[in-house]
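Some notes follow on charge, contacts, backbone and distances in this model. They are meant to be read with the structure open.

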Amino acid sequence: MNETIPIVLVTGSTRGIGAAIATALRQRGAMVIGHGRTAGPDTIGADLGDPGAAHALWDAALAQAGGRIDVLINNAGLFADNPITASDFAWLDAWEESLRINLTAAAQLSRLAVRHWQAGARGGRIVHIASRAAHRGDSPDHWHYAAAKGGMVALHKTLARSYAHQGILSYAVSPGFVATDMAADYLAANDPAALAAQIPLGRVASPEEIARIAAFCALDAPASMTGAVIDANGASHVR
Ligand code: NAD
């Protein structure tokens, strides 16, 4: 295996932002290990709603990569309504599913990546696809999503502060609305002109724009940027 080719595990690479990230990285010559909820021709299947799935994914990715992963991109995510009028059971179930997929699985994979890099000499990078919701909050039906993404940003900062001295770097991207299937229902249900008026840029982001930022973090960002959170929301939430 060529030691100079970066090997990148991208979770949720079957569509949307993850697919755009995989394309951008491949165009740069990286070897991409793809992942989706179910297995596909270019993807390892692992349902991150299952507590054991992150470990199985990491092991399968390492085997596919020949024993070395340089970059982990925590991109897989779930954005589902959870109205407070749901039954206690249904509300708690949806809360826990969101936290597991959007936060816990990312933490499990990050832990395995950190331990992998600590056992070697090359260091590594983690890129987290967080959300504007981490900083601004979300809608009444999405407490869980905002809480999970806020947790992801706190996880990211902790990783950056804890392991920079070992060459293990962490970057986070916080997109606003992005034109993918995840946002489609909301975008379709809202007046495009009213939505655009909330975004000074006048439009939602494309998956390719977020992919450019993620590829920069994965391959190019200077080490001194570790711990940074990069906003990509058309100035709809300027911090
Ligand atoms: P998407 O729904 O198009 O794709 C989500 C990906 O996550 C898919 O590949 C899917 O297979 C994977 N995934 C979902 N549930 C899974 C599970 N249980 N197990 C394994 N994989 C699972 O969404 P997207 O818009 O491309 O979102 C990608 C990331 O960007 C997510 O983390 C999302 O929260 C974040 N984000 C999206 C937007 C947006 O407006 N689209 C905004 C901010 C942040």
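1. Buried means under 20% relative accessible area, exposed means over 50%, and partly exposed is what lies in between. The model is predicted, and the comments below should be read with that in mind.

2. Acidic patch. Which residues gather in a patch of negative charge on the surface? They are Asp-47, Asp-50, Asp-93, Glu-96 and Glu-97. Asp-47 sits in the loop that runs between β3 (43-45) and α2 (53-65). Its relative accessibility is 35%, so Asp-47 counts as partly exposed.

3. Asp-70. Is Asp-70 buried or exposed? With a relative accessibility of 9%, Asp-70 counts as buried, because the cut-off for that class is under 20%. The residue belongs to the loop between α2 and β4 (71-74). Its side chain makes a polar contact of 3.4 Å with the side chain of Arg-122.

4. Salt bridges, Arg-28 to Asp-220. The structure holds six salt bridges. In one of them, the side chains of Arg-28 and Asp-220 meet at 2.8 Å, N to O. Arg-28 lies in the loop between α1 (16-27) and β2 (31-36) and Asp-220 in helix α8 (residues 207-220), so this pair ties together parts that are 192 residues apart in sequence. On accessibility, Arg-28 is partly exposed at 46%, and Asp-220 is partly exposed at 37%.

5. Salt bridge, Glu-209 to Arg-203. The side chains of Glu-209 and Arg-203 also meet in a salt bridge, with an N to O distance of 3.0 Å. Glu-209 has a relative accessibility of 28% and counts as partly exposed. Arg-203, at 40%, counts as partly exposed.

6. Asp-231 pairs with Arg-239 in a salt bridge whose closest N and O atoms are 2.9 Å apart. How exposed are the two partners? Asp-231 is partly exposed, with a relative accessible area of 30%, while Arg-239 is exposed at 52%.

7. Backbone at Ala-235. Most residues other than glycine have a negative phi. Ala-235 has a positive phi, near 70°. Where is Ala-235 placed? It is in the segment after β7 (229-232). The relative accessible area of Ala-235 is 41%, which makes the residue partly exposed. A check of the backbone here would be a reasonable item for the reader's list.

8. Val-114 and its distances. Val-114 is part of helix α3 (residues 88-118). It counts as buried, at 4% relative accessibility. How far apart in space are Val-114 and Gly-124, C-alpha to C-alpha? The two are 7.8 Å apart, with a separation of ten residues in sequence. From Val-114 to Arg-28, 86 residues apart along the chain, the C-alpha atoms are separated by 24 Å. Arg-28 is the loop residue between α1 and β2 that takes part in the salt bridge of point 4.

9. Gly-18. Gly-18 is placed in helix α1. Its relative accessibility is 1%, so Gly-18 counts as buried. Gly-18 and Ala-183 are 165 residues apart in sequence, and their C-alpha atoms are 14 Å apart in space.

10. Ser-206. Which loop holds Ser-206? Ser-206 is found between α7 (192-197) and α8. With a relative accessible area of 24%, the residue is partly exposed. Ser-206 and Ile-7 are separated by 199 residues in sequence and by 25 Å in space, C-alpha to C-alpha.

Technical notes. Residues numbered from 1 in each chain as written. Predicted model: local features only at pLDDT ≥ 70, side-chain atom pairs only at ≥ 80, totals over all residues. Heavy atoms only, no water. Patch = residues over 30% accessible without salt bridge, like charges linked within 9 Å, V, L, I, M, F, W, Y side chains within 5 Å. Areas by Shrake-Rupley, 256 points an atom, 1.4 Å probe, with all protein chains shown as cover. Salt bridge = Lys/Arg side-chain N within 4 Å of Asp/Glu carboxyl O. Lys, Arg positive; Asp, Glu negative; His and termini not counted. Charge placed at Lys NZ, Arg CZ, Asp CG, Glu CD. Helix = DSSP H or I, 4+ residues; strand = E, 2+ residues; numbered from the N terminus. Buried < 20%, exposed > 50% of the residue type's maximum accessible area, 1.4 Å probe, protein only. Polar contact = N/O pair within 3.5 Å; in protein donor to acceptor, adjacent residues only side chain to side chain.
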